[in-house]
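I opened the notebook with a simple plan: look at the ligand site, then at the sheets. Here is what I looked up, in order.

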Amino acid sequence: MNVVESFGLGVSYRGTWALRDCTLAVPEGHIVALVGSNGAGKTTLLHCAVGLTAPTTGEVTVLGGIGAGSPDALERVAFVAQETPLYRHITVRAMLTVAANLNQHFDRNLAEARVAALDIPLDRRIGRLSGGQQAQLALALALARRPDLLVLDEPLARLDPLARHEVMAVVMSAVAEEGLSVIFSSHVVSELERVADYLILMSHGRVQMVGMIDDLLSKHVVLNGPTDDAERVAESFAVVESQHAGRQTQFVARIDASVEIPKSWVAENISLDELVLAYLREPSATAMSGPLAVSANRAGR
Ligand code: ATP
């Protein structure tokens, strides 16, 4: 089952495309990192997936074909928005009551257990909690709905490194214990590898790279060699990005197992950080696996 599937999805604001031609299929059971520079369209994509924004073109479904934003989807998808939507003037206890009243399947015991584990006092006003505690509380409320899909928009943005670690640890244990799927947007690329196993990279409103992180890393290398030879070598590889420093050239390139590394060139494994940066610096480069799968599915319908 795909937890999110979109076909030709686009959102235009007064003639400017915030999201364009977005076709992808995200399989279930992953922690998906949605990465991209400011204004790339991450929030727009997430808002379409949770039914907050109506597409201008195309369509998006969740959890195996349910319309985004439909009553069934709202029951099974939990969304934590960027600005952590909590009522600041009420206490944590009152917030739990509000959440329980608004959500049919809200597990209040689970929410209270998580709040207790975080040492957040039930009688404290939410506005008095730290940014990290508010993020943790919003996450606890979302998880207590026992969703099949958890969507988090920039959950790490306002947090210090320790709080980031704690928030993602909670997400990872929820995935391990309950088998839900998670999609979260982030700028904190250096921490993604530890947390996420699936990547969607966006640039200028378009999806630039999609796939399992291990798979993407194994299909790319950093190549170092003499500039004299660079033009010839570039012809045998799909070069994503090249940098020249005097007589040395460095390529980030896509490879397959059958390709031989040329003599006097050295291939090194690439880190996720390097891979993401190389693609962000070259917005016309793409590495896609999902869209083809979606197109094939649809052709067979
Ligand atoms: P960031 O990382 O800065 O949060 P993002 O990748 O989430 O960015 P979006 O918020 O989806 O990007 O915005 C994509 C583009 O759409 C931006 O150029 C933004 O200015 C524009 N945009 C988003 N919402 C609206 C709106 N309601 N009206 C007009 N333009 C909008």
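I take two strands as paired if DSSP finds at least two bridges between them. Strands themselves are DSSP runs (E, at least two residues), as helices are (H or I, at least four), numbered from the N terminus.

A note on sources: this is a predicted model, in which local features need pLDDT of at least 70 and side-chain atom pairs count only at pLDDT 80 or more, while totals for chains, interfaces and linings use all residues. Residues are numbered from 1 along each chain as its sequence is written, and side-chain values use heavy atoms, with hydrogens and water left out.

**Entry 1: the β13 pairings.** I checked β11 (residues 220-226) against β13 (residues 248-254) and found an antiparallel pair with 7 bridges. Within β13, A253 is the bridge partner of V221. I then found β12 (residues 238-245) joined to β13 by 7 bridges, also antiparallel, with H244 opposite T249. The hairpin of β12 and β13 has 2 residues between the strands, and G246 there has a positive phi near 60°.

**Entry 2: the open sheet.** Which order do the 6 strands take? I read β6-β7-β8-β3-β9-β10, with mixed pairing. From one strand to the next the twist averages 15°; axes here are lines fitted to C-alpha atoms, for helices over the stretch in contact, and angles run from 0 to 180 degrees between N-to-C directions. Inside the sheet, β3 (residues 31-36) runs parallel to β9 (residues 198-203) over 5 bridges, and A33 has L199 as its bridge partner in β9.

Helix α10 (residues 272-281) packs on this sheet, in contact (heavy atoms within 4.5 Å) with β3, β9 and β10, and makes about 25° with the direction of β9. Helix α5 (residues 131-143) lies across β6 and β7 (149-152), at about 160° to β7.

**Entry 3: the ligand.** I listed the residues around the ligand (a heavy atom within 4 Å); among them are Y13, N38, K42 and Q82. Helix α1 (residues 42-49) gives the largest share of this shell, 3 residues.

For polar contacts I used N or O pairs within 3.5 Å. A ligand oxygen sits 2.8 Å from a polar backbone atom of G39. A polar side-chain atom of T43 is also 2.8 Å from a ligand oxygen, and for an N or O atom in the H187 side chain I noted 3.2 Å. The protein buries 60% of the 640 Å² that the ligand exposes when taken alone (Shrake-Rupley, 1.4 Å probe).

Methods. A polar contact is a pair of N or O atoms within 3.5 Å; within protein, one must be able to donate a hydrogen and the other to accept it, and residues adjacent in sequence count only if both atoms are side-chain atoms.
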